[in-house]
Amino acid sequence: MPASRLPRRPLSRGLLVLALTLLVGATLPAQQSVLETRSPTQPQDEEFARLVKEWTTKPEFLSPLVDHLPKVAGVPSPKDVLGYYIGAPKKLTYYADIIGYYRALAAATPRVKVLPIGKTDEGRECVVVFVGSEESIRNLDQYRQYLGQLADPRHESAAEIHDIIARTKPMYHLIGGLHSGETGPSEMLMELAYRLATEDSPLVNQIRDNVIVSITPVAEPDGRDRYVDWYYRYLVDIDNEKDRMPGPPYWGKYVLHDNNRDINFSQMTMRTLLDWYLQWHPPIMHDLHESIPFLYDYSAQAPQNPDFDPILFGELPWYSNFEMAQMIKYGMPGVWTHGFMDGWSPGYLGAMSYNHNGMMRMYETFGNGGATTMERDLSGGGPGGGGEGGQTSRQWYRPLPPYKKVVWSMRNNTNYMETAVLLGLQLTSNFPKVMLENFYLKSLHSIEGGENETPHGWVFPAGQRDMTRVARLVDLLRIQGIEVGKATGEVKVKDGTFPAGSYVIKRNQPYGRLAKILLEKQDYPDPSLRTYDDSGWTMGLMLQTEVKPIDDKAILDTPVTPVGQEVPLAGTVSGPAAPAVYAVAHFGSTNMITLRYRLKDLAVKAAEKAFKAGDTEMPAGSFLIPAAGAGDRIQAAVKALGLTAVGLAAAPDVPTHDLDLPRIAMFSTWSSTQDVGWVRYSFDRFEIPYDLIYKERVRQGNLRAAYDVIVMPSQGRDGKSIVYDVAPQSKPIAYTKTDMYKNLGMYGSSDDITGGMGLEGVVELQKFLDEGGLLITLGNATAFPPEFGLVRDINAGRTSNQFYAPRPIVEAEILRPELPIFYGYTETTVPIKYTNGPMLQVPRDDQDNEVLMKFVGGDKAVLSGLMKGANEIRNRPAIVDVPVGKGRLLLYSTNPVYRWQNHGEFNMLFNALMNYDDLQVAPRKTEKEK
């Protein structure tokens, strides 16, 4: 159905009357629930009440919503299965036991259902748990269908939408355990599920009847078990915050906190949850975190992304202020709603909700990194605004602030979080039809925006030099539910003419809003405002592909074939049937390095100059591969990777060098594995083999005998943090697998992760360079070589305190385009992600040879996002190549492999690996030219 036929204002007025009618009917039970927080006839667990009171460190840290727990014959409470109540001191639950509890609960009551949705990297099962009335659980599939129709209302009439809203219940999805060191949410959710399934109070009855609650018990199951092992091995008896120590080096396989920054949903468990979301469409998604005291309730302060529906920015403070007011009414201090996190970025896990026209909610509840009670000193301020006193100061958004000193327990954490969640569910149950109408209207507004506002769509033109990055861009959008079509014929609009086969995104779709957010330039609204994460992410710039916004409304009528699953790569091979050599064009595809490793047993050369193969212009860097005995393999690999090859009767007359395969090590500290993890993930995806090494291997020495290249991804804050890493403790901290702690010692192991490589390790890296090795440093790691003397005439500094650049996209200028590191790049000015690496200073006499790329600098060079003080980086080196001994040091002030985002920069690293022993090869003259 075209958007012009979709229901608009008359339906909204009708639904408003309906909502007000329902509100009047809901008011009395809601008021009763304030006074009657439990059923007077339902048996209660007296031991629970006694122990909870004992474990709660102050009376005001407990509410009448959670100071009791019903006992229902035949339905197991968490204690019945786990052997302890939630919030018990020094008790954390492993993932299998958490899932085991939910399965036991589901087996005992028809009000609970457990749905498997996928697997983790380490093979654990991911599940979603549903809790609701018996009728809700029995008719889950029907409610899923209804929510899907509200999420995409293009095929429903006004009357049908009215009827669907009348018959539907909102789904409220809760997420625990995304960050493994934030242990409380996954514990609390078990008690909440039991309470929602069994309690007979007016409040819970209303929630159960009017709302379907769905739960991700642990969003990062692998990290949960690793952290619980670490807690029991090291943290369980630490009750003084001065003695607190770091958590385990790893949570998930690749990343830690950044599983909440994975804007492209690259990580397996994050993608699994997204796939579930796009099938079920819960209008509310609530991500439960731990950090600041006592409970921060997200309200989306400025800067707010203007592409999100304005309704969202009314809903969020409505919920947070209601919950804060109710908790203050219960006497609970330290609940606040502002001064911490803004509404700018679409890159958080829970943002999948507001990206898709729902509402993302988020709490930060105070925690100790485990279940051990300890005294905490909060007098030092911390995030939360308010100047002196910081998060403990009284502000308009924090009328009853946290205490400056507090004894805090896991049960306090449970009390606060569970109380607040119940209040959020109460508000939803009071206004279920309002929330459904809002969800529907936000979807409708997204469709109408594409009809009535420019741009009306986007075209990714066919025939771009490298279509593999175009295909990746299409896939990254498609997995988030954005509809992409392939033009069946030539596209003619006022904005230009594009060939058949071009990809077309029409904005008049439910997720047209998200397409706009991801594809447009981010115009940051106010440079005086700070943002919680990245300020710029424009995907066309990040992949360095052509994305054409279309203002001509005719694009909405362009005939297209929908793109379904992953875009198939279809490389081409032309030329004679039995060539002597295959030339594979280096058009900038990141798949070139994958091809090299798939053909690792073949002798491959790189052409140092462009040449013509048949009708194809082969740029410098193109591969030359002897065909003898390997033609079928070469052709199959080229086609599978979407590349372009031409068979030739003889090798072209151009200078070449061998593309020898390096033996690669990737170095990581033990305390800063996350940015290393993103590089590991990218290497694994592109099939680049490497050894992951730590301080232990570096100190062993003899590195050059084992490796040709050592890659040191961005990590730490400076060179000192890389060299000395985790501060030594009173006893060794082993990260090893044992019979008791089976989840530790993965992705590396150490008998003591403290101490760092030390100066002994620095000496071994110096030897590696002196003996002919290539050391590549990325981002923050680039501070290490200058600071510790591996290179003497280059300095690494920092920008001023006035400079502020929350990872925008800026211009850089390639100064040595003829060198192999830039094979595949056609422009000398390119967009790059600015990641606040060190400011390098190179002696003037060496700049022409050693500086390969520099930042352009200045406000005009900021392409997307915010850079305050952009003149500070003007003409500062971005990539530097320095000879050291017999080896080379390749310094990137940039981070060319950042969070699976800046694919257009990946080849600046991949080319360096493939040409590791020919980095300074300039095109030489051919025999004919001589």
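Which residues does Tyr892 touch, not counting residues up to four places away in sequence? They are Ile776, Thr777, Leu778, Gly779, Thr782, Ile821, Ala878, Ile879, Met908, Leu909 and Ala912. Touching, or contact, here means heavy atoms within 4.5 Å.

Before going on, a word about what you're looking at. This is a predicted model, so local features need pLDDT of at least 70 and side-chain atom pairs count only at pLDDT 80 or more, while totals for chains, interfaces and linings use all residues. Residues are numbered from 1 along each chain as its sequence is written, and side-chain values use heavy atoms, with hydrogens and water left out.

Back to Tyr892. Tyr892 is among the residues with the most contacts inside the largest nonpolar core, together with Phe460, Phe683, Ile776, Met853 and Leu890. That core has 225 residues. A nonpolar core is a set of buried Ala, Val, Leu, Ile, Met, Phe, Trp, Tyr and Cys residues joined through side-chain atoms within 4.5 Å. Buried means under 20% relative accessible area, exposed means over 50%, and partly exposed is in between (1.4 Å probe, protein chains only). There's also a second, separate core of 29 residues, which includes Tyr707, Val762, Phe784 and Val791.

Now zoom out to the whole chain. You can find 28 helices and 39 strands in it; these are DSSP runs numbered from the N terminus, with helices (H or I) of at least four residues and strands (E) of at least two. The radius of gyration is 29 Å, close to the 30 Å that the globule rule gives for 930 residues, so the chain is as compact as a globular protein of that length. That radius is taken over C-alpha atoms, and the rule is 2.2 Å times the number of residues to the power 0.38. Of the 930 residues, 63% count as buried.

Let's step inside with helix α19 (residues 591-598). Here 7 of the 8 residues are buried, so the helix is largely enclosed by the rest of the structure. What surrounds α19? Its buried residues pack against several elements, including α16 (467-478), α20 (631-640) and α28 (903-914).

A strand gives us another inside view. Leu174 sits in β3 (residues 171-175) and is buried, with a relative accessible area of 0%. Leaving aside neighbours within four places in sequence, Leu174 is in contact with Leu189, Leu192, Val213, Ser214, Ile215, Thr216, His286, Leu288 and Val421.

Loops can be hidden or partly open. Ser266 lies in the loop between α10 (221-235) and α11 (268-280), and it counts as buried at 11% relative accessibility. Beyond residues up to four places away in sequence, Ser266 touches Trp678, Tyr681 and Trp900. Ser800, in the loop between β32 (795-797) and β33 (809-814), is partly exposed at 28% relative accessibility.

Most residues other than glycine have a negative phi, and most peptide bonds are trans. Yet the peptide bond from Ala302 to Pro303 is cis, with omega near 0 degrees, and Pro303 is part of strand β7 (residues 301-304). The bond from Thr454 to Pro455 is cis as well, with omega near -5 degrees. As for phi, Gln544 has a positive value near 50 degrees, while Asn836 has one near 65 degrees. Asn836 belongs to the loop between β34 (829-833) and β35 (839-841).
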